[in-house]
Amino acid sequence: MELVAIDLEGSGAQDRDHEAILEIALVPIVDWQPDMTRAYCTLINPQRPVPRRSWISPGLTNDSLSTAPTIATVEPELAHRIDGKYLVGHNVGVDWRLLHRRCPTITPAGLIDTLRLARTIDPKAQHALTALLGRYELTSQVHRLAPGGIPHRALWDTVGSALLLKSLATRLLGEQPDPETLHKAAGIPTDKSAAPVATQPSLFDPAG
């Protein structure tokens, strides 16, 4: 089972069919650790102005996005890195819904959701990515592996999800869970209809 952590930053679910990808990061997971030597991260030019919104991270400005490649330009690279592999992310169904809408030919083997694992372990706890990374004492590792990154930027969140997977999976399933067990515990359908449109949280929403 080949695993690739993913995070997208988008213009917001309120844009519905017109939601744009603004940034994407992919990091392979090897032996339960993010392989930063093969990490990939890029801004995406939405080819239209994007209004400033509370959940859009600093740095994702119209000026910076205007010089980035378009999603059509990077789609072959994304397909090369994703096709046939399992995508890992925090609430990964939301990322997959948007990616599938913009790049419908990309075909991962499946989706592994760290949010689903976290809710199974402790349904009443805070399940925001930053909260979980703090609880499992992983925040400093994320900063070390993604220097200069911040929460709610694609690479930082992708590395965080990759590190969180091991902590959650071993806590719930024991050391070195087999692929079938992991997929049963954390897998969600790739059918885009299975990933409902989520309410877009504020950048500073602790539950996001």
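## What covers helix α2

Let's start with helix α2: its buried residues (under 20% relative accessible area, 1.4 Å probe, protein chains only) are covered by elements including β1 (3–10), β2 (21–30), β4 (40–43), β5 (86–89) and α3 (92–102). Contact here means heavy atoms within 4.5 Å, and helices (H or I, at least four residues) and strands (E, at least two) are DSSP runs numbered from the N terminus.

This is a predicted model, where local features need pLDDT of at least 70, side-chain atom pairs count only at pLDDT 80 or more, and totals for chains, interfaces and linings use all residues. Residues are numbered from 1 along each chain as its sequence is written, and side-chain values use heavy atoms, leaving out hydrogens and water.

α2 spans residues 71–82, and its buried residues are Ile 71, Val 74, Glu 75, Leu 78, Ala 79 and Ile 82. They sit on the same side of α2 because they cover an arc of only 155° around the axis (taken from the directions from the helix axis to the C-beta atoms).

On the face turned away from that buried side you'll find Thr 73, Pro 76 and His 80, which are exposed (over 50%). Just after α2, Gly 84 has a positive phi of about 80°.

The average pLDDT, the predictor's confidence in each residue from 0 to 100, is 90 for the protein, and 92% of the residues score at least 70. Residues 192–208 stay under 50, and the model gives them 28 contacts beyond four places in sequence.
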